[in-house]
Amino acid sequence: MPIVASMDAIVLHGVTKRYPDVTAVDGLDLEVPEGICLGLLGPNGAGKSTTMRLLTAQSLADEGEIRVMGLRLPQQSKQARALMGVVPQLDNLDEELTARENLEVFAHLYRVPRQERRAAVDRALALAQLTDRAATRTVNLSGGMRRRLLIARGLVHQPRLVLLDEPTVGLDPQVRQELWSLIVRLREEGVTTLMSTHYIEEAERLADDCALMSHGRIVARGSPEELVKEHAGAEVAEHYASQERQAEIAALAAEAGVPTRRTGPSISLLKSEQLPRSLEEALGPPNVRRPATLEDVFVVLTGEAVE
Amino acid sequence: MMEFAPVRAVWRRELALYRRYWASTSFAAMTEPTIYLLAFGYGFGSVVGALYGYDYKDFVATGVVATAVLFIGAFGGMFNTFIRRTFQHTYDAMLAAPVDVRELVTAEASWLAVKAGVYGCAPMLVGVAFGLEPSWGMLLVPFIGFLTGLVFALFGVWVSAIVPSINTFDYVITGALTPMFMVAGTFFPVTQLPAWVAAAAQVNPLYHCVELVRGAVFGRLGLDDLGHLGVLSACAVLMWALAVWKMRARLID
């Protein structure tokens with residue numbers, strides 16, 4: 001009987017990366033099974049970008065084990081990089097070159113065989129919906145077009161694994177929606193995607209599985225629904241109140257073991273369906289009852305204070 | 001293992017960029033030596049006349065080959081590399097693909113060296129137009145220009161990886177490149193200089209380039225030119241190691 005082992009596309013085990021003034025990644029354990037889209041969520045400075053750089057061996061871990069597509073890093077990082085497509089957070093397209101030329105250069109860098117190069121570049125242009133703008137210099141493309149080109153550049157060699165570092169940061173909702181369709185198509189084609197983001201909605205819509213990162217390690221892992229259910233329950237009760245009253249409510253909730261988060265003019269009590277009767281009576285009816293969201297989980301698990 | 005495919009891929013990018021700026025580069029490459037030849041060759045040459053049996057403008061035309069090679073190699077190595085690494089983040093994009101730092105450095109430097117080899121011939125061709133006698137040895141000049149260009153391009157890449165900011169290049173240009181440019185027998189023979197300066201010229205790669213170029217153009221290559229070739233080759237190897245070492249430190253953390 002053949003044994004089909006479902007392989008992990010990415011495995012990080014006890015990975016630590018220290019910089020002189022900060023430990024960016026701190027004993028990170030993360031597995032990404034083949035074929036899924038994993039959303040790596042976390043606030044700025046949680047270690048998401050460092051994790052991405054570790055996977056291309058542009059950062060070298062101080063401790064721990066990293067495997068990408070079964071290849072050991074950093075020893076076999078070049079082979080691993082050949083199998084991956086990387087879309088950086090920072091736009092580093094060649095502005096002087098046309099859309100086509102940008103893709104051609106990466107078709108060469110990714111060693112697409114000569115006879116397939118032209119078709120690969122054409123396909124990437126179509127994917128980025130830039131076929132009509134192939135001869136336009138990148139500096140003259142709009143922000144959304146540039147981002148699509150940046151993504152297509154990482155896909156020109158049809159990789160089985162794609163790293164997307166904050167793919168839609170700083171973009172209009174319209175443009176973001178276009179990029180999402182592109183990412184959904186990748187998943188449909190069975191491409192493994194590791195996507196870092198600090199946009200909750202992005203992860204909720206695109207990711208099969210989410211890993212919440214804080215201070216260089218994973219603090220929660222699961223599908224968006226599971227995470228919400230486990231950490232925020234079914235329902236959230238919001239009480240509009242003064243800052244002082246909010247503090248009182250927070251203290252009462254903490255006593256009863258109910259997680260809370262500040263939501264501007266209100267305080268939100270998570271898992272409100274599980275509130276003890278006594279607490280419910282003490283607080284009175286909430287102003288708003290709403291379903292719990294991944295954002296609630298994000299804030300509760302990664303902390304309210306921005307560092 | 002160092003591979004050729006990534007080097008070729010990086011060249012491919014250079015070629016695409018070169019298509020954008022070839023006209024301005026070529027204009028500068030032809031005009032600058034013309035100005036030198038007119039100014040030094042005629043202006044100065046009318047006073048100096050002949051030098052060690054050479055017509056002074058022939059002496060300058062061959063000397064300016066070396067300075068052209070120096071500037072194409074060193075300036076390209078310093079400024080292009082610095083801007084691409086820090087402002088454009090081009091190298092971050094490339095190193096996420098199957099390319100290693102040493103392949104990247106080799107490709108960038110060798111491209112500049114080819115440019116230095118080709119455009120280094122411009123002053124010689126201008127010289128021919130001004131009466132320098134053509135010789136078979138001139139066919140060696142692009143190769144001498146390539147090797148010297150490689151040394152200075154790698155020097156530039158190394159420097160680009162150790163300077164804290166682009167302004168620091170001023171120290172390198174004034175403190176290192178200008179003296180090299182003057183003390184290499186480009187506009188006057190090093191034997192005219194005080195003994196300690198002449199001795200310093202021996203460790204200046206540009207001096208060895210000038211000697212080889214004159215040897216080739218005037219048809220008097222000898223055994224001592226193997227020494228010049230050896231010094232340039234050794235400098236290339238040393239600079240390659242330094243450039244790769246410092247670039248790796250900057251690009252991989």
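Q: Apart from its neighbours within four places in sequence, with which residues is Val126(B) in contact?

A: In this predicted model, Val126(B) touches Met30(B), Pro33(B), Thr34(B), Leu37(B) and Ala61(B), once neighbours within four places in sequence are set aside. Val126(B) itself lies in helix H5 of chain B, residues 121-129. Thr34(B) is 92 residues away from Val126(B) in sequence, yet their C-alpha atoms are 6.3 Å apart.

Q: Does Val126(B) count as buried or exposed?

A: Val126(B) counts as buried, because it has 24 C-beta neighbours inside 10 Å, and the cut-off for a buried residue is 20 or more.

Q: How are two packed helices described?

A: One gives the angle between their axes and the distance between the axes. Here, helix H4 (residues 101-119) and helix H6 (residues 141-162), both of chain B, pack at about 140° with their axes 7 Å apart. H4(B) and H6(B) are therefore oblique to each other. The crossing of H4(B) past H6(B) is right-handed. Contact residues include Val105(B) and Leu112(B) of H4(B), and Phe146(B) and Leu154(B) of H6(B). By class, the residues of this contact between H4(B) and H6(B) are 14 nonpolar, five polar and one charged.

Q: How many residues of chain B are in contact with chain A, and which helix supplies the largest share?

A: On chain B, 23 residues are in contact with 21 residues of chain A. H1(B) contributes nine residues, the largest share of the side of chain B that touches chain A. That side of chain B comprises 13 nonpolar, three polar and seven charged residues.

Technical notes
Residues numbered from 1 in each chain as written. Chains lettered and ligands numbered in written order. Predicted model: local features only at pLDDT ≥ 70, side-chain atom pairs only at ≥ 80, totals over all residues. Axes fitted to C-alpha atoms, helices over the stretch in contact; angles between N-to-C directions. Helix = DSSP H or I, 4+ residues; strand = E, 2+ residues; numbered from the N terminus. Parallel < 35°, antiparallel > 145°, perpendicular 65-115°, else oblique. Left-handed = near helix turned anticlockwise from the far one by under 90°. Contact = placed C-beta atoms within 7 Å. Nonpolar A, V, L, I, M, F, W, Y, C, P; charged D, E, K, R; others polar. Buried ≥ 20, exposed ≤ 12 C-beta atoms within 10 Å, placed from the backbone.
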